[in-house]
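Subject: A structure for you to look at

Hi,

Here is the structure I promised to pass on. Please open it alongside this note, and the findings follow below.

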Amino acid sequence: MVASEGKTDGDHPRSVWCLHPNFASDVMEGVHPEILAQRYGEEHMHPTEDLRIVYMPALEKDYDKHWFLAVVDLSDKQVYQFDTNATKESKARRRRVIQCMLTALDGIVATDGYKNLRSKAAPEFASMEIMSAPGVPKNSNSTDSGIWVMQWMAMGRRFTYAVLPILDEERIRIKMAIALLTGRYNEESGALLAKSAAKTGKRD
C-alpha cells in the first residue's frame, strides 16, 4: 500500500496529497474520519510513507464564494495559509476551518488504512503552526480567488511558500482545460489523445 517516491498520480507524485474541495465542507459538517478516509483516501490521500506536501483548498460559500488554500509542508512542519482577501475577521474564521481540517487529518491517519504512515513517525497535523504565506496579493474581492488557488496547487511537489503576486490566468485556465479533457474521468479522453497523436504523426 505504500507507494514509491517516484510513482505519480496525474501531475502530482504520491508524496503529495491534493485534497478534494469537498473535504473542507465535509470536515466542517462533522463527517467522521473513518468516512473521510473511505471517501477521499484512494483518490486524494493515498497512504504513503513518503508524504511531504498536503494541499487543502476550501470554499467559503456563505462569504462571496471565496476560495483559499492551506498547504502543509512536512519538511518544516509548517502550515501556510494562502488567501487573497484576508481581513482580520476572515483570516481568523478561515484559520479555524484549517485547524479543523488538520484535526481531521490526524483522525484519518489514525485509521487502519494508514498504518504504514504511522510507522514512520506520523506527523501531528493539528499541532503545527499556521502562518500566512508571504507574497500573496491582497484583493478587495473574491472573483479570481479560485484561479489563484489553482495556480498555487499547480506547484505540486515543487512547493514554495514564498510566491510571487502575479496571476498567470491564461496558463492556468489552459492547464486546467487540458487536465479535464485528458483526465481519467473523461470518457472521451482516449479518443482525444488518439486524435492528437494522429495529427502529430501527420505533421512529422
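**What I found**

Gln-99 has a relative accessible area of 29%, so this residue is partly exposed (buried means under 20% relative accessible area, exposed over 50%, and partly exposed in between, with a 1.4 Å probe and protein chains only). Gln-99 sits in helix H3; helices (H or I, at least four residues) and strands (E, at least two) are DSSP runs, numbered from the N terminus. Beyond its neighbours within four places in sequence, Gln-99 makes contact with Ala-126 and Ile-130, where contact means heavy atoms within 4.5 Å. Its C-alpha atom is separated by 8.8 Å from that of Phe-125, 26 residues apart along the chain.

Before going further, a word on how to read all this. This is a predicted model, in which local features need pLDDT of at least 70 and side-chain atom pairs count only at pLDDT 80 or more, while totals for chains, interfaces and linings use all residues. Residues are numbered from 1 along each chain as its sequence is written, and side-chain values use heavy atoms, with hydrogens and water left out.

**Confidence and overall layout**

The mean pLDDT (the predictor's confidence in each residue, from 0 to 100) is 78 for the chain, and 68% of the residues score at least 70. Where pLDDT is low, the predicted coordinates should not be read in detail.

You will find 7 helices and 7 strands in the chain, in the order β-β-β-α-α-β-β-β-α-α-β-α-α-α along the sequence. Of the 204 residues, 41% count as buried. Taking the contacts in the chain with a separation of 6 or more, 64% are between residues 24 or more positions apart.

**Helix H3**

Helix H3 covers residues 88–109, and its 22 residues should span 32 Å at 1.5 Å a residue; the end C-alpha atoms are 32 Å apart, which agrees (the expected span is 1.5 Å times one less than the number of residues). Buried residues of H3 include Arg-93, Arg-94, Val-97, Ile-98, Met-101 and Leu-102.

**Two exposed loop residues**

Glu-124 belongs to the loop between helix H4 (115–118) and strand S7 (129–132), and counts as exposed at 56% relative accessibility. Its C-alpha atom and that of Asp-106, 18 residues apart along the chain, are separated by 6.3 Å.

Lys-77 lies in the loop between S5 and strand S6 (78–82). Lys-77 is exposed, with a relative accessible area of 57%, and has a positive phi, near 50°, in a residue other than glycine.

**The second largest pocket**

On a 1 Å grid over the protein atoms alone, a pocket is an open set of points where a 1.4 Å probe fits, with protein on both sides within 12 Å along at least five of seven lines; lining residues have an atom within 4 Å of a point. Of its 16 lining residues, Ser-25, Met-28, Leu-59, Glu-60 and Lys-61 lie nearest its centre. Helix H1 (22–28), strand S4 (53–60), strand S5 (66–73) and H3 each supply at least two lining residues, and H1 gives the most, with 4 residues.

Best wishes
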